[in-house]
Amino acid sequence: MPVLKLIGVPLILEHAKKGLSKALGGHKATSEVWRICTPLSDGDVTVQKSKFFKSITEDIDDASKLKTFVQLVSALASASTVENYHEFFRGIAVECKEAHGFNHRGTKVKIFELKRLRQKERLYFFPLSAKGMRFFIVLLAHHKKDETTPKNVANYCEAQAIQFIDAGEKIYIQE
Amino acid sequence: MSPKNREVQVSIQDNREVFSALRRSDIAYQLKARMLSKGLRSVDIAERLGVSEANVSRWFSGSQNLSLDTMYAIADALEERLCVLLRAKDEASTLIQLEDEILHRDWERQKGKGSLPNLSNLSEYQFVADNPAANDGFISEFKLERTA
(Lines give C-alpha, C1' and ligand atoms only; values in the text may rest on other atoms or scores of the structure.)
Protein backbone atom coordinates (compact mmCIF):
# COMPACT_ATOMS: atom_id res chain seq x y z
CA MET A 1 0.00 0.00 0.00
CA PRO A 2 1.59 3.33 -1.04
CA VAL A 3 2.20 5.65 1.89
CA LEU A 4 2.02 9.44 1.91
CA LYS A 5 3.51 11.24 4.86
CA LEU A 6 2.00 14.62 5.65
CA ILE A 7 4.80 17.10 6.18
CA GLY A 8 4.75 20.60 7.52
CA VAL A 9 6.92 23.33 6.10
CA PRO A 10 8.84 23.70 9.42
CA LEU A 11 9.91 20.05 9.10
CA ILE A 12 11.26 20.61 5.59
CA LEU A 13 13.09 23.78 6.63
CA GLU A 14 14.52 22.16 9.72
CA HIS A 15 15.84 19.28 7.65
CA ALA A 16 17.42 21.69 5.18
CA LYS A 17 19.18 23.50 8.01
CA LYS A 18 18.88 23.15 11.75
CA GLY A 19 17.19 26.19 13.29
CA LEU A 20 15.80 27.42 9.97
CA SER A 21 12.16 26.89 10.90
CA LYS A 22 12.64 29.47 13.66
CA ALA A 23 13.08 32.13 11.00
CA LEU A 24 9.33 32.11 10.53
CA GLY A 25 8.43 32.34 14.19
CA GLY A 26 6.61 29.02 14.16
CA HIS A 27 3.32 30.32 12.82
CA LYS A 28 0.85 27.85 11.50
CA ALA A 29 -0.20 28.36 7.92
CA THR A 30 -3.79 29.25 7.22
CA SER A 31 -6.00 26.39 6.14
CA GLU A 32 -4.53 24.19 3.50
CA VAL A 33 -6.55 23.40 0.42
CA TRP A 34 -3.74 21.18 -0.82
CA ARG A 35 -2.06 19.06 1.82
CA ILE A 36 1.71 18.90 1.49
CA CYS A 37 3.08 15.37 1.70
CA THR A 38 5.83 13.13 0.42
CA PRO A 39 5.98 9.41 -0.44
CA LEU A 40 7.44 6.97 2.03
CA SER A 41 8.74 3.70 0.66
CA ASP A 42 8.92 0.38 2.51
CA GLY A 43 12.34 0.95 3.98
CA ASP A 44 11.63 4.48 5.23
CA VAL A 45 11.34 4.36 8.99
CA THR A 46 11.14 8.12 9.29
CA VAL A 47 10.46 10.91 6.84
CA GLN A 48 14.12 11.89 7.10
CA LYS A 49 14.92 8.65 5.24
CA SER A 50 12.51 9.46 2.42
CA LYS A 51 13.77 10.15 -1.08
CA PHE A 52 12.67 13.79 -0.88
CA PHE A 53 14.47 14.50 2.37
CA LYS A 54 17.56 12.68 1.14
CA SER A 55 17.51 14.79 -2.00
CA ILE A 56 17.54 17.93 0.16
CA THR A 57 20.60 16.65 1.99
CA GLU A 58 22.37 15.76 -1.24
CA ASP A 59 21.49 18.68 -3.50
CA ILE A 60 20.90 21.65 -1.22
CA ASP A 61 24.36 21.69 0.22
CA ASP A 62 25.43 25.32 0.43
CA ALA A 63 24.03 28.69 1.52
CA SER A 64 23.34 29.92 -1.99
CA LYS A 65 21.31 26.84 -2.91
CA LEU A 66 19.54 26.98 0.44
CA LYS A 67 18.55 30.60 -0.11
CA THR A 68 16.74 29.67 -3.33
CA PHE A 69 15.33 26.43 -1.95
CA VAL A 70 13.62 28.09 1.03
CA GLN A 71 11.86 30.49 -1.31
CA LEU A 72 10.52 27.57 -3.33
CA VAL A 73 9.27 25.88 -0.15
CA SER A 74 7.71 29.11 1.05
CA ALA A 75 5.90 29.56 -2.26
CA LEU A 76 4.61 25.98 -2.18
CA ALA A 77 3.31 26.50 1.36
CA SER A 78 1.28 29.57 0.39
CA ALA A 79 0.14 28.00 -2.89
CA SER A 80 -1.26 25.11 -0.87
CA THR A 81 -3.77 27.49 0.75
CA VAL A 82 -5.48 28.51 -2.50
CA GLU A 83 -7.63 26.50 -4.90
CA ASN A 84 -6.08 27.78 -8.09
CA TYR A 85 -2.39 27.48 -7.38
CA HIS A 86 -1.44 28.35 -10.97
CA GLU A 87 -3.00 31.75 -10.41
CA PHE A 88 -0.93 32.11 -7.25
CA PHE A 89 2.32 31.55 -9.15
CA ARG A 90 1.46 34.12 -11.82
CA GLY A 91 3.76 37.12 -11.49
CA ILE A 92 5.78 36.04 -8.47
CA ALA A 93 9.50 35.32 -8.33
CA VAL A 94 8.90 31.58 -8.11
CA GLU A 95 7.72 29.99 -11.33
CA CYS A 96 5.66 26.80 -11.52
CA LYS A 97 6.06 25.00 -14.83
CA GLU A 98 5.56 21.57 -16.27
CA ALA A 99 8.78 19.58 -15.94
CA HIS A 100 7.52 16.30 -17.31
CA GLY A 101 4.27 15.09 -18.76
CA PHE A 102 2.99 11.69 -19.75
CA ASN A 103 -0.23 9.89 -20.58
CA HIS A 104 -1.65 7.43 -18.13
CA ARG A 105 -4.97 5.68 -18.63
CA GLY A 106 -5.88 8.20 -21.29
CA THR A 107 -5.18 11.21 -19.07
CA LYS A 108 -2.32 13.65 -19.29
CA VAL A 109 -0.38 13.68 -16.02
CA LYS A 110 1.87 16.62 -15.28
CA ILE A 111 4.83 16.77 -12.94
CA PHE A 112 5.56 20.36 -11.97
CA GLU A 113 8.78 22.05 -10.98
CA LEU A 114 9.18 25.20 -8.93
CA LYS A 115 12.11 27.40 -9.88
CA ARG A 116 13.42 30.92 -9.62
CA LEU A 117 14.68 32.83 -12.60
CA ARG A 118 18.33 32.04 -13.40
CA GLN A 119 18.62 29.70 -10.43
CA LYS A 120 19.28 25.98 -10.74
CA GLU A 121 17.39 24.70 -7.71
CA ARG A 122 14.19 22.83 -8.41
CA LEU A 123 11.37 21.42 -6.33
CA TYR A 124 9.36 18.71 -8.08
CA PHE A 125 5.79 17.89 -7.13
CA PHE A 126 2.51 16.77 -8.56
CA PRO A 127 -1.06 17.50 -7.47
CA LEU A 128 -3.40 14.62 -6.69
CA SER A 129 -6.98 14.31 -5.53
CA ALA A 130 -7.68 11.16 -3.54
CA LYS A 131 -9.72 10.08 -0.53
CA GLY A 132 -11.76 13.24 -0.70
CA MET A 133 -8.66 15.37 -0.18
CA ARG A 134 -6.18 17.17 -2.36
CA PHE A 135 -2.46 16.75 -2.09
CA PHE A 136 0.74 18.36 -3.24
CA ILE A 137 2.98 15.31 -3.40
CA VAL A 138 6.51 16.66 -3.10
CA LEU A 139 8.94 14.33 -4.82
CA LEU A 140 12.43 15.80 -5.06
CA ALA A 141 14.70 18.75 -4.45
CA HIS A 142 17.28 19.04 -7.17
CA HIS A 143 20.19 21.20 -8.25
CA LYS A 144 19.80 21.14 -12.00
CA LYS A 145 22.85 21.20 -14.23
CA ASP A 146 21.23 20.96 -17.67
CA GLU A 147 18.41 22.68 -19.53
CA THR A 148 16.15 19.65 -19.62
CA THR A 149 14.74 17.62 -16.75
CA PRO A 150 17.21 14.78 -16.09
CA LYS A 151 16.00 11.34 -17.20
CA ASN A 152 16.39 9.82 -13.75
CA VAL A 153 14.32 12.63 -12.19
CA ALA A 154 11.58 12.30 -14.81
CA ASN A 155 11.50 8.51 -14.44
CA TYR A 156 11.31 8.63 -10.66
CA CYS A 157 8.55 11.26 -10.68
CA GLU A 158 6.56 9.38 -13.30
CA ALA A 159 6.78 6.09 -11.40
CA GLN A 160 5.65 7.77 -8.18
CA ALA A 161 2.77 9.55 -9.87
CA ILE A 162 1.53 6.33 -11.48
CA GLN A 163 1.79 4.50 -8.17
CA PHE A 164 -0.39 7.02 -6.34
CA ILE A 165 -2.87 7.56 -9.15
CA ASP A 166 -3.42 3.81 -9.43
CA ALA A 167 -3.66 3.33 -5.67
CA GLY A 168 -6.40 5.97 -5.34
CA GLU A 169 -8.45 5.22 -2.24
CA LYS A 170 -5.92 2.63 -1.07
CA ILE A 171 -3.28 5.25 -0.33
CA TYR A 172 -2.36 5.26 3.34
CA ILE A 173 -2.02 8.74 4.82
CA GLN A 174 0.45 8.92 7.67
CA GLU A 175 0.15 11.80 10.12
CA MET B 1 31.27 42.28 23.89
CA SER B 2 29.81 39.62 26.18
CA PRO B 3 30.11 35.97 25.07
CA LYS B 4 26.34 35.77 24.80
CA ASN B 5 26.13 38.84 22.56
CA ARG B 6 28.96 37.50 20.45
CA GLU B 7 27.22 34.15 20.08
CA VAL B 8 23.96 35.80 19.00
CA GLN B 9 25.79 38.10 16.61
CA VAL B 10 27.53 35.18 14.90
CA SER B 11 24.27 33.28 14.61
CA ILE B 12 22.51 36.27 13.04
CA GLN B 13 25.36 36.88 10.60
CA ASP B 14 25.49 33.21 9.59
CA ASN B 15 21.79 33.09 8.86
CA ARG B 16 21.19 36.59 7.57
CA GLU B 17 20.88 35.89 3.83
CA VAL B 18 18.80 32.73 4.07
CA PHE B 19 16.52 34.05 6.83
CA SER B 20 15.98 37.26 4.92
CA ALA B 21 15.09 35.45 1.68
CA LEU B 22 12.71 33.14 3.52
CA ARG B 23 10.98 35.87 5.52
CA ARG B 24 10.49 38.20 2.57
CA SER B 25 8.95 35.51 0.39
CA ASP B 26 6.90 34.00 3.22
CA ILE B 27 5.12 37.23 4.07
CA ALA B 28 4.57 38.34 0.48
CA TYR B 29 3.23 34.93 -0.53
CA GLN B 30 0.89 34.70 2.43
CA LEU B 31 -0.54 38.08 1.51
CA LYS B 32 -1.01 37.06 -2.12
CA ALA B 33 -2.57 33.73 -1.16
CA ARG B 34 -5.03 35.49 1.13
CA MET B 35 -5.90 37.92 -1.64
CA LEU B 36 -6.72 35.04 -4.00
CA SER B 37 -8.62 33.13 -1.33
CA LYS B 38 -10.86 36.16 -0.90
CA GLY B 39 -11.51 36.31 -4.64
CA LEU B 40 -9.61 39.57 -5.03
CA ARG B 41 -7.12 40.52 -7.74
CA SER B 42 -4.04 42.72 -7.74
CA VAL B 43 -6.04 45.43 -9.48
CA ASP B 44 -8.50 45.48 -6.55
CA ILE B 45 -5.67 45.99 -4.06
CA ALA B 46 -4.20 48.69 -6.31
CA GLU B 47 -7.49 50.54 -6.55
CA ARG B 48 -8.17 50.30 -2.82
CA LEU B 49 -4.75 51.70 -2.00
CA GLY B 50 -4.51 54.21 -4.85
CA VAL B 51 -1.30 52.73 -6.24
CA SER B 52 -0.40 51.15 -9.55
CA GLU B 53 -1.04 47.47 -10.23
CA ALA B 54 2.64 47.08 -11.08
CA ASN B 55 3.45 48.24 -7.58
CA VAL B 56 1.18 45.61 -6.06
CA SER B 57 2.71 42.92 -8.27
CA ARG B 58 6.17 43.90 -7.06
CA TRP B 59 5.03 43.63 -3.42
CA PHE B 60 3.76 40.11 -4.05
CA SER B 61 6.83 39.01 -6.02
CA GLY B 62 8.47 37.74 -2.85
CA SER B 63 11.74 39.55 -3.43
CA GLN B 64 11.00 42.88 -1.81
CA ASN B 65 11.66 43.96 1.75
CA LEU B 66 8.13 45.13 2.53
CA SER B 67 7.90 47.93 5.05
CA LEU B 68 5.58 47.71 8.02
CA ASP B 69 3.46 50.48 6.48
CA THR B 70 3.11 48.49 3.28
CA MET B 71 2.19 45.26 5.06
CA TYR B 72 -0.46 46.99 7.13
CA ALA B 73 -1.77 48.81 4.06
CA ILE B 74 -2.16 45.53 2.19
CA ALA B 75 -3.93 44.04 5.20
CA ASP B 76 -6.28 47.03 5.21
CA ALA B 77 -6.98 46.52 1.52
CA LEU B 78 -7.71 42.87 2.21
CA GLU B 79 -9.97 43.89 5.11
CA GLU B 80 -7.94 41.67 7.41
CA ARG B 81 -5.95 42.12 10.59
CA LEU B 82 -2.19 41.86 10.57
CA CYS B 83 -0.70 40.71 13.86
CA VAL B 84 2.93 41.01 14.87
CA LEU B 85 3.75 39.09 18.00
CA LEU B 86 6.93 38.85 20.00
CA ARG B 87 7.49 35.37 21.32
CA ALA B 88 10.23 33.28 22.81
CA LYS B 89 11.70 30.82 20.33
CA ASP B 90 10.44 27.74 22.12
CA GLU B 91 7.01 29.21 22.75
CA ALA B 92 5.99 29.14 19.11
CA SER B 93 6.61 25.44 18.69
CA THR B 94 4.95 24.72 22.02
CA LEU B 95 1.84 26.49 20.78
CA ILE B 96 1.77 24.41 17.63
CA GLN B 97 2.11 21.25 19.70
CA LEU B 98 -0.73 22.43 21.90
CA GLU B 99 -2.95 23.10 18.90
CA ASP B 100 -2.19 19.61 17.60
CA GLU B 101 -2.93 18.02 20.96
CA ILE B 102 -6.25 19.86 21.24
CA LEU B 103 -7.19 18.75 17.73
CA HIS B 104 -6.24 15.16 18.52
CA ARG B 105 -8.27 15.15 21.74
CA ASP B 106 -11.25 16.63 19.90
CA TRP B 107 -10.96 13.99 17.18
CA GLU B 108 -10.87 11.17 19.74
CA ARG B 109 -13.90 12.61 21.53
CA GLN B 110 -15.96 12.99 18.33
CA LYS B 111 -14.93 9.53 17.18
CA GLY B 112 -15.97 8.08 20.55
CA LYS B 113 -19.40 9.63 20.15
CA GLY B 114 -19.69 8.04 16.70
CA SER B 115 -20.46 11.42 15.20
CA LEU B 116 -17.92 11.23 12.39
CA PRO B 117 -18.86 8.18 10.33
CA ASN B 118 -17.38 9.55 7.12
CA LEU B 119 -13.94 10.38 8.48
CA SER B 120 -11.45 7.58 8.92
CA ASN B 121 -8.47 9.30 10.48
CA LEU B 122 -7.15 12.41 12.18
CA SER B 123 -5.82 13.78 8.93
CA GLU B 124 -9.26 13.87 7.34
CA TYR B 125 -10.71 15.37 10.50
CA GLN B 126 -8.06 18.07 10.57
CA PHE B 127 -8.82 18.93 6.95
CA VAL B 128 -12.52 19.28 7.68
CA ALA B 129 -11.83 21.15 10.92
CA ASP B 130 -9.45 23.56 9.19
CA ASN B 131 -11.63 24.61 6.32
CA PRO B 132 -14.55 26.34 8.05
CA ALA B 133 -12.03 28.69 9.58
CA ALA B 134 -10.60 29.69 6.23
CA ASN B 135 -12.36 33.04 6.22
CA ASP B 136 -11.95 33.86 9.87
CA GLY B 137 -9.88 36.34 11.70
CA PHE B 138 -6.29 36.91 11.06
CA ILE B 139 -4.41 37.39 7.87
CA SER B 140 -1.62 35.47 9.59
CA GLU B 141 0.58 35.81 12.55
CA PHE B 142 3.93 37.32 11.77
CA LYS B 143 5.91 36.77 14.90
CA LEU B 144 9.05 38.65 15.74
CA GLU B 145 11.04 36.42 17.97
CA ARG B 146 13.17 37.35 20.87
CA THR B 147 15.95 35.16 22.06
CA ALA B 148 15.43 33.86 25.54
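Student: Where do I start with confidence?

Tutor: Begin with the scores for the whole model. This predicted model has an ipTM of 0.91 and a pTM of 0.81. Then go to a chain. Chain B has a mean pLDDT of 77, and 58% of its residues reach 70 or more.

Student: Where in chain B is confidence lowest, and where is it highest?

Tutor: Confidence is lowest in strand S2 of chain B, residues 138-146, with a mean of 40. It is highest in helix H2 of chain B, residues 42-49, at 97. Look also at residues 131-148 of chain B, where the pLDDT is below 50. Beyond near neighbours in sequence, that stretch has 44 contacts in the model.

Student: Which elements does chain B have, and in what order do they run?

Tutor: From the N terminus, read α-α-α-α-β-α-α-β. That is six helices and two strands. Of the 148 residues in chain B, 20% count as buried. Now take contacts between residues at least 6 apart in sequence. In chain B, 69% of these join residues at least 24 apart.

Student: How do I check the length of a helix?

Tutor: Compare the expected span with the distance between the ends. Helix H1 of chain B covers residues 3-37, which is 35 residues. At 1.5 Å a residue, H1(B) should span 51 Å. Its end C-alpha atoms are 47 Å apart, so the two agree.

Student: Where does H1(B) bend?

Tutor: At B:Arg16, by about 60 degrees. After the helix comes B:Gly39, with a positive phi near 75 degrees.

Student: How are two packed helices described?

Tutor: By the angle between their axes and the distance between the axes.

Student: How many residues of H1(A) are buried?

Tutor: Six of its eight residues, so H1(A) is mostly covered. The buried ones are A:Val9, A:Pro10, A:Ile12, A:Leu13, A:His15 and A:Ala16. They pack against helix H2 (51-59) and H3 of chain A.

Student: Which residues other than glycine have a positive phi?

Tutor: Look at A:Arg118, with phi near 65 degrees. A:Lys131 is another case, with phi near 55 degrees. A:Arg118 is in the loop between strands S4 (107-116) and S5 (121-130) of chain A. A:Lys131 lies in the loop between S5 and strand S6 (133-143) of chain A.

Student: Is A:Arg118 buried or exposed?

Tutor: Count C-beta atoms. A:Arg118 has 6 others within 10 Å, so it is exposed. A:Lys131 has 19 such neighbours inside 10 Å and counts as partly exposed.

Student: Why does A:Gln160 count as buried?

Tutor: A residue is buried if 20 or more other C-beta atoms lie within 10 Å of its own. A:Gln160 has 22 C-beta neighbours inside 10 Å, so it counts as buried. Find A:Gln160 in helix H5 of chain A, residues 151-167. Leaving aside neighbours within four places in sequence, A:Gln160 is in contact with A:Pro39 and A:Leu139.

Student: How far is A:Gln160 from A:Ala130?

Tutor: They are 30 residues apart in sequence. In space, C-alpha to C-alpha, they are 15 Å apart.

Technical notes
Residues numbered from 1 in each chain as written. Chains lettered and ligands numbered in written order. Predicted model: local features only at pLDDT ≥ 70, side-chain atom pairs only at ≥ 80, totals over all residues. Helix = DSSP H or I, 4+ residues; strand = E, 2+ residues; numbered from the N terminus. Buried ≥ 20, exposed ≤ 12 C-beta atoms within 10 Å, placed from the backbone. Contact = placed C-beta atoms within 7 Å. Expected span 1.5 Å × (residues − 1). Bend = angle between axes of the 7 residues up to and from the residue. pLDDT = per-residue confidence, 0-100.
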